[in-house]
Structures are given as C-alpha cells and as structure tokens.
Amino acid sequence: MATQVDGWSSAPQADEAVAVDHQAEARGTYSDDGLDEAEVNGNWTPQEKALHEARLKAKAKRRLRRSSSRNSQSESISESGETPGGDPHAVKGKVHNNDRKSRTGKGRGLPKKGGAGGKGVWGAPGMVYEAEEPDVLDPNYDEAAQGDTVYETVVPEVEEKELEKMVNPIVLEYFEHGDTKEVEALLKELNLGQHKYEFTSVAVSLSLEGKASHRELTSRLLSDLSGKMLTQEDIAHAFDKMLKELPDLILDTPEAPQMLGQFIARGIADHVLPMTFLDTYKGKVDCEHARVALDRAAVLLSMKKGMIGLDNVWGVGGGLRPVKHLVKKMNLLLKEYLISGDVSEAEHCLRDLEVPHFHHELVYEAIMMVLESNGDTATNMMMRLLQSFWKTGLITVDQMNRGFQRVYDELQEISLDVPHAHQIMETFVDLCYQESVITKQLRDACPSRGRKRFVSEGDGGLIKN
C-alpha cells in the first residue's frame with residue numbers, strides 16, 4: 001500500500017511540472033536575461049531553474065546554427081553565381097552576361113571597370129586607342145604581314161674538331177698568293193669563337209713542314225692579323241700550346257725547336273707576342289725541346305742588331321727577292337760547282353732559292369760561263385750539271401728552252417767580246433743534244449755564222465762566193 005501511495009503522490013507532481021512548462025511557453029514570459037524579480041526572489045523551484053537554464057542553452061545553440069547556415073548559403077551563392085531571389089527554374093551556375101554589376105556584393109553597384117569591361121565592349125565612352133606595334137613574342141605574330149623583313153645571318157661557332165679542316169685550305173692557299181687581306185676576310189666569315197687561337201698553331205705547324213718562304217709569310221700574316229682578328233694573348237696561348245707539343249712536332253720536323261724559337265723571336269720583334277713572353281718560362285720548363293726553342297729565341301733577341309735584324313730571320317723567300325740578288329746567288333752557285341764539282345750540293349742550293357720560274361737564268365749563266373771559259377773542262381762540267389737538273393726535273397723543258405733561246409738572241413753581241421762564241425756555242429749545243437739535255441728543235445735553232453773565205457792573191461783579192 002505504501003508503494004502505491006508514493007507512486008500516486010508522485011504522479012500529480014509530474015503532471016503539475018508539465019502544466020507549468022506549457023503555461024510558461026504560452027505566456028512567453030521568459031526573457032533573455034533569465035528570471036524576473038519574482039523568480040529571483042525565490043518563487044521558482046529548483047526543477048524550474050534547471051529547466052530554464054536548459055532552454056537558454058538550447059536557444060544559444062539555435063542562434064549559432066542559424067548564423068553558420070547563413071554564411072554557408074552566401075558562400076554557395078557566390079561560387080555558383082546565383083543571386084538570392086533569382087529564378088528557381090534557372091540553370092545553376094549560369095551567369096547573366098548582361099549584368100555588369102559586381103557580383104561579389106562588396107561594391108556600390110556600379111559597372112565593372114567603369115563600363116569598359118565585358119564581352120563585345122570596346123572600352124569606356126570617349127576612349128581613343130592608339131596604333132600598337134606588333135609584338136614579336138605574340139603567338140599570332142606573322143613576319144610576312146609586317147612588310148619588308150630583314151633576316152640576320154647567324155653563323156654557328158666552329159667546333160675544335162672541325163677547325164683544322166676549315167683552316168688548312170685557307171693557309172695553304174695563302175702560301176700561294178700571299179694576300180693577308182684575303183685571309184682576314186675568310187676568317188671573318190668563320191665564327192672561331194673561343195678557339196681562334198688555334199688558327200695560329202695550325203698556320204705555324206704547316207709552315208714548319210714547308211719552306212722558308214712559307215715561314216716568312218706566316219710571320220707576316222700573324223703581324224697583320226694581330227690587333228684585328230687575334231690578340232697578343234691568343235698568339236701567346238698558341239705558342240704555349242706548341243711548346244708543349246714539340247715532342248710530337250719533332251717526329252715530322254726534326255728542326256722544329258730551332259724554328260719555333262725563331263718564330264718566337266720574330267713575334268716579339270713584331271710586337272705580336274708580349275715582351276715578357278720569355279720571362280714567364282724561366283725556371284719553369286721541364287721539356288728539353290722547349291728549352292732549346294726558348295734558348296734559340298733568347299740568343300736571337302740578344303744579338304747586336306737586335307730586333308731589326310730579325311726581319312730577315314727566315315731570309316728573303318722566293319720571288320720576293322730582288323732579281324739582282326737572285327742572279328748573284330746563281331753565279332755564286334755555278335762558281336762553287338766549278339770548284340767542287342758537287343752536283344748534289346748545287347741542286348740543294350738551287351732548291352733553297354725557291355724560284356722555279358727563274359731557273360732559265362741559271363741556264364743562261366751556265367752557258368755564258370762556258371763561252372767565257374778556256375778549255376773543255378767547264379763545257380763538260382756544265383753539261384753534266386744541266387743533265388742532272390734535267391733528269392731530276394728541277395729544270396723544266398720551258399725553262400731550259402728559254403735559257404738557250406736567250407743566249408741565241410744575244411749571241412751576235414756576245415761575239416763582240418768573245419770572237420769564237422759561235423763555234424763554242426755550236427760545240428756545246430751538239431754535246432747537250434747528244435746527252436739528251438735539249439731537243440732537236442732547240443739544236444737546229446742555234447744560229448751559225450758563215451765563214452768569209454778569201455781567194456788566193458792571184459785572184460785579185462776578191463771574195464769567193
């Protein structure tokens with residue numbers, strides 16, 4: 001019974017609490033601050049106070065939920081491009097093209113860019129556009145549409161492996177014509193770049209294998225190109241490289257150290273190399289061949305004539321020599337041959353003169369010595385000398401014919417000084433023809449003077465026809 005009474009007693013209390021809640025909601029007497037004066041004075045029961053605090057917390061949560069939902073809705077509108085209150089049946093994300101007002105909601109409602117923006121708009125009213133120059137970097141840039149187009153020739157830099165193949169023909173051709181300006185023009189067409197010092201080493205290497213005249217031409221070429229195509233540093237770099245490569249150069253040219261020393265001395269004299277070039281190697285050279293070359297250069301620079309005498313360090317080469325000098329050299333050559341009788345030495349001296357176009361002068365001088373000599377010794381020796389030159393090909397048919405023809409043309413004047421010139425000439429020509437030195441046509445062309453024979457005294461001194 002007691003339990004029933006308790007249960008029954010508790011039931012009206014619960015109903016009473018629910019009724020109070022409904023009445024409070026109906027009246028709406030609860031404020032944000034919580035309790036009114038009557039409630040503060042202690043008219044509320046503890047259950048009512050707890051219930052009221054729970055309602056306040058729930059209300060605060062609802063407010064927070066509403067504010068967060070508003071922010072997310074505004075963000076979704078800005079992303080999708082829809083405006084509140086728009087057409088609900090419109091396609092989502094569709095932007096009204098005709099609306100030029102700012103869609104961010106932050107502006108004053110004015111058109112964007114002052115009305116100068118948007119599709120199909122040429123700019124703000126009153127704006128005047130100036131003619132713009134075409135941009136080369138524009139993907140739509142058309143060279144043909146710009147009128148006269150000037151193209152610049154770009155020459156790629158020559159690689160080190162191909163440089164020697166391209167420079168060799170230029171240097172070898174220069175040895176034939178000797179025109180430094182043509183070489184300079186050809187080098188300007190090549191983009192040697194950082195390997196331009198290699199031109200000096202290639203030219204010097206080729207001249208070492210050639211003649212003295214080639215070395216003289218190479219020295220002149222370096223002098224003319226210095227300051228234009230080549231600098232002192234470039235030429236010094238080339239000679240430094242060649243000093244290191246001397247062991248290989250000696251295999252082809254045994255006299256390479258002495259010649260390279262002469263090149264260095266001539267380069268310093270021509271101001272192609274710096275004056276301190278030799279000083280940089282003192283006490284720093286381990287190669288024996290390089291020391292020989294540097295010693296040779298130091299000796300030449302310390303001579304009495306100094307740098308002035310180095311202009312002829314290679315001698316005067318080939319056709320660059322004066323004619324009188326060449327005639328004097330050939331006379332000396334023939335006189336030494338008549339004394340020694342050494343044909344090989346005479347041949348070596350003639351080759352050193354390097355004037356194959358002037359060998360007819362040797363033939364002329366040799367015949368003149370035969371005409372002015374006494375006895376048959378000179379005749380036989382000169383015949384053997386010309387025969388040797390003919391067989392070795394040192395003197396060509398053209399040069400041999402020109403030499404004899406010159407004597408034929410002057411024989412009348414020569415006979416004034418040498419009365420028996422015609423007889424000696426006929427004898428020498430017959431001997432050369434027998435030894436196959438000259439041709440039959442050249443022998444028949446020899447002039448002969450008929451002997452004027454007188455009749456006996458009984459004929460009255462008349463000349464016999």
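Residues are classed here by relative accessible area, with buried meaning under 20%, exposed over 50% and partly exposed in between (1.4 Å probe, protein chains only). The structure is a predicted model, in which local features need pLDDT of at least 70 and side-chain atom pairs count only at pLDDT 80 or more, whereas totals for chains, interfaces and linings use all residues. Residues are numbered from 1 along each chain as its sequence is written, and side-chain values use heavy atoms, with hydrogens and water left out.

Ser 219 belongs to helix α7; helices (H or I, at least four residues) and strands (E, at least two) are DSSP runs, numbered from the N terminus. In sequence Ser 219 is 12 residues from Ser 207, and their C-alpha atoms are 9.6 Å apart in space. Ser 219 is also among the residues that line the largest cavity. A cavity is taken on a 1 Å grid over the protein atoms alone, as a set of points where a 1.4 Å probe fits but cannot get out, and lining residues have an atom within 4 Å of a point. Grid points are joined across faces, edges and corners, and a volume is the space filled by probe spheres set on the points.

One cavity of 30 Å³ or more is present in the structure. The volume of the largest cavity is about 50 Å³. Its lining consists of Ser 219, Leu 222, Phe 239, Phe 263, Arg 266, Gly 267, Asp 270 and Val 272. Two or more lining residues come from each of α7 (212-225) and α10 (256-269), and α10 supplies the largest share, three residues. By residue class, the lining holds four nonpolar, two polar and two charged residues. In this division Ala, Val, Leu, Ile, Met, Phe, Trp, Tyr, Cys and Pro count as nonpolar, Asp, Glu, Lys and Arg as charged, and the others, Gly among them, as polar.

Aromatic contacts were examined next. Rings of Phe, Tyr and Trp (its six-membered ring) pair if their centres lie within 6.5 Å; planes under 30 degrees apart count as stacked, over 60 as edge-to-face and the rest as tilted. Across the whole structure there are four aromatic pairs. One of them joins Tyr 174 and Phe 175, which are classed as tilted because their ring centres are 6.2 Å apart and their planes stand at 45°. Tyr 174 is buried, with 1% relative accessibility, and Phe 175 is buried as well, at 9%. Phe 404 and Phe 428 form a stacked pair, with 6.3 Å between centres and 15° between planes. This pair connects distant parts of the chain, as Phe 404 lies in helix α16 (residues 397-417) and Phe 428 in helix α17 (residues 421-434), 24 residues apart. Phe 404 and Phe 428 are both buried. Through ring pairs, Phe 404, Tyr 408 and Phe 428 are linked into a cluster.

Charged groups over rings were also found. A charge sits over a ring if NZ of Lys or CZ of Arg is within 6 Å of the ring centre and within 35 degrees of the ring normal. The charged end of Arg 406 is placed over the ring of Tyr 364, at 4.1 Å from the ring centre. Arg 443 is positioned over the face of Tyr 433, and here the distance to the ring centre is 4.5 Å.

The structure contains zero disulfides, a disulfide being a pair of cysteine sulfur atoms within 2.5 Å. Cys 349 is partly exposed, at 23% relative accessibility, whereas Cys 432 is buried, at 0%.

Backbone angles come next. Most residues other than glycine have a negative phi. His 271, although not a glycine, has a positive phi of about 60°. It is located in the loop between α10 and α11 (288-301) and is exposed, with 51% relative accessibility. Ser 436 likewise has a positive phi, near 60°, and is located in the loop between α17 and α18 (440-444). Its relative accessible area is 49%, so Ser 436 counts as partly exposed.

Two further helical positions were examined. Leu 186, in helix α5 (residues 180-189), is partly exposed at 27% relative accessibility. Ala 346, in helix α13 (residues 343-353), is buried, with a relative accessible area of 4%.

Definitions and conventions
1 Å grid on protein atoms, 1.4 Å probe; cavity = no way out; pocket = protein on both sides within 12 Å on 5 of 7 lines; lining within 4 Å.
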